Amino acid sequence: MNKYMQAAVEEGLKNIQSGEGGPFGAVIVRNGELIARARNKVLLTNDPTMHAEIIAIRQACEALGRFDLSDCELYSTCLPCPMCIGAIFWARIPKLYYGALDSDAEAIGFSDKFIYDAIRSDFQGQEALAIEALDREGCLELFRAWGRKQDKKMY
């Protein structure tokens, strides 16, 4: 097994052994050096965003002192969920290695199919989340203020 994927597997195994979560682990590597390792902590923290990939991204950003991880690779024990894929894109990580498929996760009770279904439907007619536009003009004032800001830093 690839040594970095093995490190991710070890993180997932810690969850199984401790009873703190499922078989999800992730590591981030930069120039051959493992800089972040994490496991899913949703049950431990009661925080639905505490997926292994998100935690690893947070750790790597803190270790490097920046939000741009474009010189890093992420190894995950499973194909990441839509939230984690979004975070991987935002962190600009150019390479993702994954072990198990989302269908493998679904087979043991972890499914994000309902999210993909909602996205594919453009959120029309789905029942998982009520979405309604509200007060656009007022909110656009924030965007106009940002547009006028001379010393803004893009991310």
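Mentor: A nonpolar core is a set of buried Ala, Val, Leu, Ile, Met, Phe, Trp, Tyr and Cys residues joined through side-chain atoms within 4.5 Å; buried means under 20% relative accessible area, exposed over 50%, and partly exposed in between (1.4 Å probe, protein chains only). The model is predicted: local features need pLDDT of at least 70 and side-chain atom pairs count only at pLDDT 80 or more, whereas totals for chains, interfaces and linings use all residues. Residues are numbered from 1 along each chain as its sequence is written, and side-chain values use heavy atoms, with hydrogens and water left out.

Trainee: How many helices and strands does the secondary structure of the chain come to?

Mentor: Helices (H or I, at least four residues) and strands (E, at least two) are DSSP runs, numbered from the N terminus. From that terminus on, the elements run α-β-β-α-α-β-α-β-α-α-α. The C-alpha trace spans about 55 × 40 × 25 Å along its principal axes. The secondary structure comes to 7 helices and 4 strands.

Trainee: Which element gives the largest share of the largest nonpolar core?

Mentor: The largest nonpolar core has 22 residues, and those with the most contacts inside it are I28, A56, I57, A60, L69, L74 and I93. The elements giving two or more residues to this core are β1 (25–30), β2 (33–39), α3 (52–64), β3 (72–78) and α4 (82–90). The largest share, 7 residues, comes from α3.

Trainee: How many residues has the second, separate core?

Mentor: In the largest core, I28 is among the residues with the most contacts. Contact means heavy atoms within 4.5 Å, and I28 touches residues including L34, A56, I57, A60, L69, L74 and I93, not counting residues up to four places away in sequence. The second core is separate and includes Y4, A7, A8 and V29; its number of residues is 7.

Trainee: In β4, which residue is the bridge partner of Y75?

Mentor: The strands β3 and β4 run parallel and are joined by 5 bridges. L74 stands opposite L96 in β4. In β4, the bridge partner of Y75 is Y97.

Trainee: Which residues of α4 are buried?

Mentor: Together with β3 and β4, α4 makes a right-handed β-α-β unit; a crossover is right-handed if, with the strands pointing away from the viewer, the path from the first strand over the helix to the second runs clockwise. What covers the buried residues of α4 includes α3, β3, β4 (95–100) and α6 (113–120). Just after α4, R92 takes a positive phi of about 65 degrees. The buried residues in α4 are P82, C84, A87 and I88.

Trainee: With which side chain does the side chain of N15 make a polar contact?

Mentor: N15 is placed in helix α1 (residues 3–18) and counts as buried because its relative accessibility is 0%. N15 touches E20, G21, G22, F24, R39 and N40, not counting residues up to four places away in sequence. A polar contact is a pair of N or O atoms within 3.5 Å; within protein, one must be able to donate a hydrogen and the other to accept it, and residues adjacent in sequence count only if both atoms are side-chain atoms. At 3.2 Å, the side chain of N15 makes such a contact with the side chain of R39.

Trainee: Is N31 buried or exposed?

Mentor: N31 lies in the loop between β1 and β2. Its phi is near 50 degrees, a positive value in a residue other than glycine. Because its relative accessibility is 66%, N31 counts as exposed.

Trainee: What positive phi has D135?

Mentor: D135 is placed in the loop between α6 and α7 (136–148). At 55% relative accessibility, D135 counts as exposed. Although D135 is not a glycine, its phi is positive, at about 55 degrees.

Key: Pairing = 2+ DSSP bridges.
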